[in-house]
Amino acid sequence: MQYLENMMIAAEETKKEEAVGVETRGHPTELKTYIMESNNGLPRIQGSESLRVFPSPTKLPQISVLRLEYSRLSAIFYLDATDPRFLLLYTNDVADITDKLYSRLVESSTNSFDRIWLPTEVQDKISHLSGNVFRGFGLSFNDLFALEKRRELPIDELRMSASGVRSGRALEALNKDTMLKRSLCYSKIKVERGNSQSFVTDEVRFNGRVITKSGQSIDDHVSLIEIIRKIYRNLIEEIEQNSIGTRQVEGRTLIEGQAFELILDRQIEDLDRFSERLLSSSKPFRLWGIVNKISKDMRQIVAVDLHTGDPLNLEITPSLIRIYLSRGACGNTVLRLYVNTQHGFDSAIRFNGETKLGTM
Amino acid sequence: MNYIIGMCKKHRDWVTVLADLGYNPYLIEQKFNTSSGEVVTPDIIVTSTKLIHSLVFECKGGITIDKDQLDRYATLDEATLFRWVQYAHPLFTLQNFRFDMCISDLEENHPIIAPMVKDVPIVTFGDLKITKTGQFSNDALESAFREPIDLSGKIPPLSYYPFGEKDKDPYVAAFVIRGLLAIAIKKAKGGPSVFDKTIITRDELLKFVFNPIFDALSNEHQGRLKERIKEVISWVMANKDMNEAFGTIEQMAGYKINRPLEKLINEANKFIANLETQQSLIPFFKS
């Protein structure tokens with residue numbers, strides 16, 4: 001903890017020096033925390049495809065140092081495995097490098113790691129929790145399903161950011177625009193915690209990277225990470241509890257769970273093209289699947305989540321994506337699909353299911 | 001089966017009539033020995049804690065009705081069923097628990113099915129509506145099905161019970177190929193290989209091909225599905241291009257496998273299209 005605090009102080013001092021024109025040694029090396037989901041608890045972290053992983057133990061059994069190398073890039077991460085399902089990777093190396101190395105790690109097929117995927121409504125909830133002050137936001141929407149022939153609709157790309165306590169009012173104004181309302185989702189939120197003597201302002205990205213932008217209160221940074229981790233854990237556990245499976249009671253095999261539904265505000269015009277993009281095996285969806293044409297307006301998809309290798313069934317109509325997650329499969333699959341559809345097709349999408357997310 | 005399970009769920013775009021009455025899917029294909037010594041195996045039983053009631057479904061996808069089967073169902077009584085539902089429903093007692101038997105059929109078959117069924121209500125699924133003939137003893141249930149239920153704009157769930165052994169080859173093949181890919185992907189994470197000869201005997205493959213509801217099926221049904229899955233796996237793995245595609249995916253553990261996955265989907269679509277052609281040319285292609 002002391003070590004992390006020192007990282008924060010060093011970054012803060014570098015920024016102060018820059019602000020008064022003192023020559024510094026390059027990019028500000030802010031404290032960055034990546035919240036990483038691990039489907040198999042804490043496995044042996046393996047290198048792959050030229051990503052080299054050099055772990056070193058510390059005196060604390062749950063903490064280790066990881067040096068990651070890819071091509072000419074290299075960075076040191078501090079791995080906190082106190083919660084083996086949601087691991088924390090701390091670093092103060094330059095974000096451009098650590099982001100690339102972290103991507104290599106979570107996308108490697110030899111590990112079962114994934115990012116966490118925070119829906120916009122969850123980011124909004126975090127920013128307004130007691131003790132947090134909403135300090136700004138970034139919006140990012142990129143239509144991953146854009147039709148080849150450009151039409152007036154939809155908005156294919158939108159990026160903007162706003163800072164300050166009243167930035168929420170700017171968002172309210174944007175939400176009133178019918179053209180824009182399907183393209184408004186948080187890429188990041190800025191949250192301040194603490195008091196005037198000791199505080200921190202953190203930038204929380206939708207894919208689980210938290211950067212300390214100002215302040216030196218490591219306690220407030222760590223407590224914010226814990227809040228995010230707890231909220232996310234609850235979401236994932238609820239999804240997994242509602243997945244489709246069976247339960248044994250006194251020798252009887254009972255059926256449990258139900259499919260989750262993503263309700264679209266923006267209609268899918270071309271189901272085949274949508275399915276093809278969704279099942280391209282690449283980022284961000286990481287799904288492979290066979291499409292079964294049920295009717296003009298319905299496709300059944302027999303899929304595999306390439307992150308875990310778990311099977312997944314989907315049903316897609318112009319206004320609905322139904323997700324059948326099997327018991328034992330990773331709940332992160334559902335949130336990855338939901339959040340990336342929010343960012344890449346329709347930010348007005350709604351989650352319908354017997355979970356808290358369905359009532360947000 | 002999917003329609004009935006779906007009606008027990010709060011889906012926005014499907015009928016929620018059974019969910020609204022508190023019904024949950026409870027048992028699939030459970031064999032019962034009735035008090036008069038007969039054996040019945042209903043397709044699905046849904047149970048409502050709210051109504052302290054079970055609804056026992058015999059699903060008829062075709063046009064045949066076994067008269068003996070209906071006679072055996074007539075011997076199913078509260079005491080028999082109660083022994084099976086009491087464990088998960090502590091508030092149920094033999095005194096307050098009731099059940100209704102029900103046939104479900106399809107609209108196009110209903111004129112043939114209906115005259116053969118006496119004293120048992122029938123729930124009929126059409127393209128545009130769900131109708132009921134006969135009468136439920138439970139008032140709430142009777143009231144819920146009294147008027148036809150409009151299906152316009154509704155989207156039936158299809159994947160709770162993904163396929164049966166009698167489904168067509170191309171349809172089943174998609175699930176089998178998916179199951180094999182799931183195994184191949186998991187090999188990179190320390191799992192078995194799709195080329196392991198014992199793979200077909202492993203529960204994990206059956207669940208990857210089907211889904212966890214496989215566990216709830218009767219032994220007989222599981223056996224029939226296993227044989228069907230085994231048959232389709234043998235076709236898939238005998239296909240040189242499919243076999244190679246799985247081999248490449250397994251060999252490339254740790255590397256980007258987008259291209260091999262692209263090859264697999266192309267080969268899978270070709271394989272499925274070929275099965276479709278064979279089925280359309282030879283009506284009874286499968287022995």
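Helices (H or I, at least four residues) and strands (E, at least two) are DSSP runs, numbered from the N terminus. The structure is a predicted model, in which local features need pLDDT of at least 70 and side-chain atom pairs count only at pLDDT 80 or more, while totals for chains, interfaces and linings use all residues. Residues are numbered from 1 along each chain as its sequence is written, chains are lettered from A and ligands numbered from 1 in the order in which they are written, and side-chain values use heavy atoms, without hydrogens or water.

Chains A and B were examined for contact (heavy atoms within 4.5 Å). Chain A contributes 52 residues and chain B contributes 48 residues. The area buried between them is about 4400 Å², with 61% from carbon and sulfur atoms. Buried area is the accessible area (1.4 Å probe) that two parts lose on being put together, summed over both. One salt bridge links the chains. A:Asp310 and B:Lys186 form a salt bridge, with their closest N and O atoms 2.9 Å apart. The term requires a side-chain nitrogen of Lys or Arg within 4 Å of a carboxyl oxygen of Asp or Glu.

On the side of chain A that touches chain B, β17(A) gives the largest share, six residues. By class, this side has 18 nonpolar, 23 polar and eleven charged residues. Here Ala, Val, Leu, Ile, Met, Phe, Trp, Tyr, Cys and Pro count as nonpolar, Asp, Glu, Lys and Arg as charged, and the others, Gly among them, as polar.

A cavity is a set of points where a 1.4 Å probe fits but cannot get out; a pocket is an open set with protein on both sides within 12 Å along at least five of seven lines; lining residues have an atom within 4 Å of a point. Points are joined across faces, edges and corners, and a volume is the space filled by probe spheres set on them.

The whole structure holds two cavities of 30 Å³ or more. The largest cavity has about 60 Å³ of space. Its lining includes A:Pro311, A:Tyr324, B:Arg178 and B:Phe210. The largest share of this lining, three residues, comes from β17(A).

The largest pocket has a volume of about 1600 Å³. Of its 41 lining residues, B:Met1, B:Cys59, B:Lys60, B:Gly61 and B:Tyr161 lie nearest its centre. The second largest pocket has a volume of about 600 Å³. β7(A) gives the largest share of its lining, five residues.

Methods: 1 Å grid on protein atoms, 1.4 Å probe; cavity = no way out; pocket = protein on both sides within 12 Å on 5 of 7 lines; lining within 4 Å.
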